[in-house]
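Me: I would like to learn how to read aromatic contacts in a model. Can we work through one together?

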Amino acid sequence: MNIQTVPISPQADEAIRPDAEVVRLKISGPVDPNNAVMRRARELVLGTGSRAMIESFDWAVQRGNFVTEE
Amino acid sequence: MAVRNERATSDWVVGAARLASRRPLSWLTRLQAGDSGRRVFTQKLPALLDDYLIGHHSETHNPLRFERWSRFIAYPLLPDDVLQKVTTEMQALRQEAAIILGETAVRIRANLFAPMDGALRIVPGATDNMKYAPEFDLKIEENHGATGTAFTTGSPCIVVKRGNSWTGNTLPGDELEKINPALKWVISLPVKSEARSAVVGVVNVDGLDNLPAILQDQNSQEYKAAILALHLGMLRRFEPYLEAGFRGDRPPQIEA
């Protein structure tokens, strides 16, 4: 499982870097609940104390429907 | 956009029309009709909604069913009961985002964009803590800004205003002029419909005045984890309501 941030705006020259660039969180490969980012994300969700949020998180992990590229 | 077929299994009226369209009766009636009104679609596609009831012709035209038709036709405008569910979820998400991002909830806002009239627009009423009127008229094209990119790619996207302007955001100038001058960051979370295998809306969580520390470094694990937490933590909560709105159904309710 690979979770990476991909800038959408061109960054060829740091000197002319735009003020506000769009960054995409690209997730690929089989879902791995033990991935460090996944584990930390679940910790953050648990920290909210929201049952609805935790249930949604676990449901999404089980379905894997948030992965955009295999 | 979808096509809805609501048919009655014992609809003799369309059967009679079909009979009257056949020879030799067609010579007299001049009818060219069939019984498609009681048949299922010949193709199975997410945008072809088939529904049937066991009964006769008049039952599909019962006024009690008009409400469902009006809901279906109005989509993506949401009826009050669905809208109330969506805004309640938004209020909760805003509070949860405040905890995850380490930001005060007062500075966080939420809204829902969906395709309307050929572009992504805020679904009327589907906002939370938004008070800057020009933003309600925002029109975003596919691949434009974080919202348009999230809609096109199906990935969560974020845009942060680090300088004085929104250059690099790819929204045209006349749309940028509608944005609240205090806006600093936007996290765009696509909502996917499993039934339709498509992104059907984008929930934006954004913030005024301040950029939370967790969103400072786009390469950090905390940054990725925060966005992932928000996305996975909201997916199951919005999809059922948007799906109910799309089909013209009432929203899922708590049952004892």
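Me: Is Trp69(B) buried, partly exposed or exposed?

Reply: This is a predicted model, where local features need pLDDT of at least 70, side-chain atom pairs count only at pLDDT 80 or more, and totals for chains, interfaces and linings use all residues. Side-chain values use heavy atoms, without hydrogens and water. Buried means under 20% relative accessible area, exposed over 50%, and partly exposed in between (1.4 Å probe, protein chains only). Trp69(B) has 26% relative accessibility, so it counts as partly exposed. Phe72(B) is buried, at 11%.

Me: How many aromatic pairs does the structure hold?

Reply: A pair of aromatic rings is described by the distance of the centres and the angle of the planes. Rings of Phe, Tyr and Trp (its six-membered ring) pair if their centres lie within 6.5 Å; planes under 30 degrees apart count as stacked, over 60 as edge-to-face and the rest as tilted. The structure holds 2 such pairs over all chains. In one, Trp69(B) and Phe72(B) have ring centres 6.0 Å apart and planes at 85°, so they are edge-to-face.

Me: Which residues form the other edge-to-face pair, at 5.6 Å centre to centre?

Reply: Tyr75(B) and Phe246(B), with 75° between the planes. Both residues are buried.

Me: Which residue lies over the face of Trp69(B)?

Reply: A charge sits over a ring if NZ of Lys or CZ of Arg is within 6 Å of the ring centre and within 35 degrees of the ring normal. Arg4(B) lies over the face of Trp69(B), 5.6 Å from the ring centre. Arg4(B) also lies over the face of Phe72(B), at 5.6 Å from that ring centre.

Conventions:
Residues are numbered from 1 along each chain as its sequence is written. Chains are lettered from A and ligands numbered from 1 in the order in which they are written.
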